[in-house]
Amino acid sequence: MVSGGCVGAEVEVDPEAAAAAAAAERDEAVAPAPARELVVGYALTSKKAKSFLQPKLRGLARKKGILFVAIDHKRPLSDQGPFDIVLHKLTGKGWQQLLEEYRETHPEVTVLDPPGAIAHLLDRQSMLQEVSELDLTDRYGKVRVPKQLFVNTDALSIPAAVTTAGLSLPLVAKPLVAKSHELSLAYDPTSLTKLEPPLVLQEFVNHGGVMFKVYIVGDAIRVVRRFSLPNVDEGDLSNNAGVFRFPRVSCAAASADDADLDPCVAELPPRPLLEILARELRRRLGLRLFNIDMIREHGTRDRFYVIDMNYFPAFRNSLEFKDWLELGTLKLCLLSMYSWYGKMPGYEHVFTDFLLSLSQKEYKRRPSYSSGEW
């Protein structure tokens, strides 16, 4: 039997998220743009640029004096711009070299974020290391990482490695490189031999079918509830065999804030706990733009686990219907629970305010980009 949170109770709404969403509807009230625009060069894949640079964000940015300019990653950055901020999410040694050379010759430009720091979050073997070492415990709760195992051997040896490491079934299997969001759930030792290393195996923690997406944008923190994998009980372990694959589970569901859930499941993590966690991870990782996937262990109020992290996450995302057809009956039974689109409430205001705060902290006097004074 698959279990989750009880249905029928009202859900507590995150006051900050609600306020941010309301602010996003008041774009017309934004003050006139300042005389000197803030030029943000962006180096993104076409898919990322399309999902992130929505018309609403561009419009609000213009009103606040922010200009987004596309970067040609095949040309030296010094031949482009000038830029106040470089926003990027490209991989590859060629791009990293271009960016590092640019940082050395243009220290006045803010780069979001250092390539080396980003690389830390692209490798699931090291992704959660800082959270594990932080071992956060205070009066608001505990934040841990589920037991996990890096596997880079023949698949037939995985069951023995799991036993030696002391991991308990079921296990979530994730690709080593975090660019892939697909994951699998393995119920029995035989199914482990069907996995494809290299990968990371992570103990599945029952969490009532709700995940908390914690967005960290500079000093700002926003939390969105998302539907997640349902609880697994003893019946599931005895009645299910094989590997169940789930494409982009955390992105599949829109915000669960409007759903009727057991308050014990839906209650957001304590704000002070999130502030401590975000502050420590910003410092340890050297990043200002990332998100944390967090769950609360089912049946507890203060025991949380960080199960994944992403750099420069999608603030708007969707799952196409063809992806649902691949999920099988275990997940199709939950289809009616999901909405097709999800995003961080009010991300346009949060992100533009973040960019402006960077310009105030690290302002360097220069002529206007559009003035042609170069």
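Biologist: Which residues of helix H3 are buried?
Modeller: In this predicted model, helix H3 covers residues 55–63, and its buried residues are Leu57, Gly59, Leu60 and Ala61.

Biologist: And what follows H3?
Modeller: Glycine 65 follows H3, and its phi is positive, near 80°.

Biologist: Switching to the record. Which residues does the UniProt "binding site" annotation cover?
Modeller: The unreviewed UniProt entry gives Lys48, Lys89, His181, Lys213 and Asn310 under that annotation.

Biologist: Take lysine 48. Where is it, and is it buried or exposed?
Modeller: Lysine 48 is in helix H2, residues 46–52. Its relative accessibility is 11%, so lysine 48 counts as buried, the cut-off being under 20%.

Biologist: What is lysine 48 in contact with, leaving aside neighbours within four places in sequence?
Modeller: Lysine 48 is in contact with Leu53, Lys89, Phe312, Pro313 and Ala314. As for phenylalanine 312, the charged end of lysine 48 sits over its ring, 4.2 Å from the ring centre.

Biologist: On to the rings. How many aromatic pairs are there?
Modeller: The count comes to 6 aromatic pairs. In one of them, phenylalanine 52 and tyrosine 347 have ring centres 6.2 Å apart and planes at 50°, so the pair is tilted.

Biologist: Which parts does that pair tie together?
Modeller: Phenylalanine 52 lies in helix H2 and tyrosine 347 in helix H15 (residues 347–361), so the pair ties together parts 295 residues apart in sequence. Phenylalanine 52 and tyrosine 347 are both buried.

Biologist: What about tyrosine 311 and phenylalanine 312?
Modeller: Those two form an edge-to-face pair, 6.2 Å centre to centre, with 75° between the planes. Both tyrosine 311 and phenylalanine 312 are buried.

Biologist: Which residues do the ring pairs link into a cluster?
Modeller: Phe52, Tyr311, Phe312, Tyr347, Phe351 and Phe354.

Biologist: Last topic, proline 270. Where is it found?
Modeller: Proline 270 is in the loop between helix H11 (263–266) and helix H12 (271–285). With 23% relative accessibility, proline 270 counts as partly exposed.

Biologist: What does proline 270 touch, not counting residues up to four places away?
Modeller: Proline 270 touches Tyr140 and Phe304. Its C-alpha atom is also 7.9 Å from that of glycine 141, which is 129 residues apart from proline 270 along the chain.

Key. Residues numbered from 1 in each chain as written. Predicted model: local features only at pLDDT ≥ 70, side-chain atom pairs only at ≥ 80, totals over all residues. Heavy atoms only, no water. Buried < 20%, exposed > 50% of the residue type's maximum accessible area, 1.4 Å probe, protein only. Helix = DSSP H or I, 4+ residues; strand = E, 2+ residues; numbered from the N terminus. UniProt positions renumbered as here; feature names shortened; annotations may be inferred. Contact = heavy atoms within 4.5 Å. Phe/Tyr/Trp six-rings, centres within 6.5 Å; stacked < 30°, edge-to-face > 60°. Lys NZ or Arg CZ within 6 Å of the ring centre and 35° of its normal.
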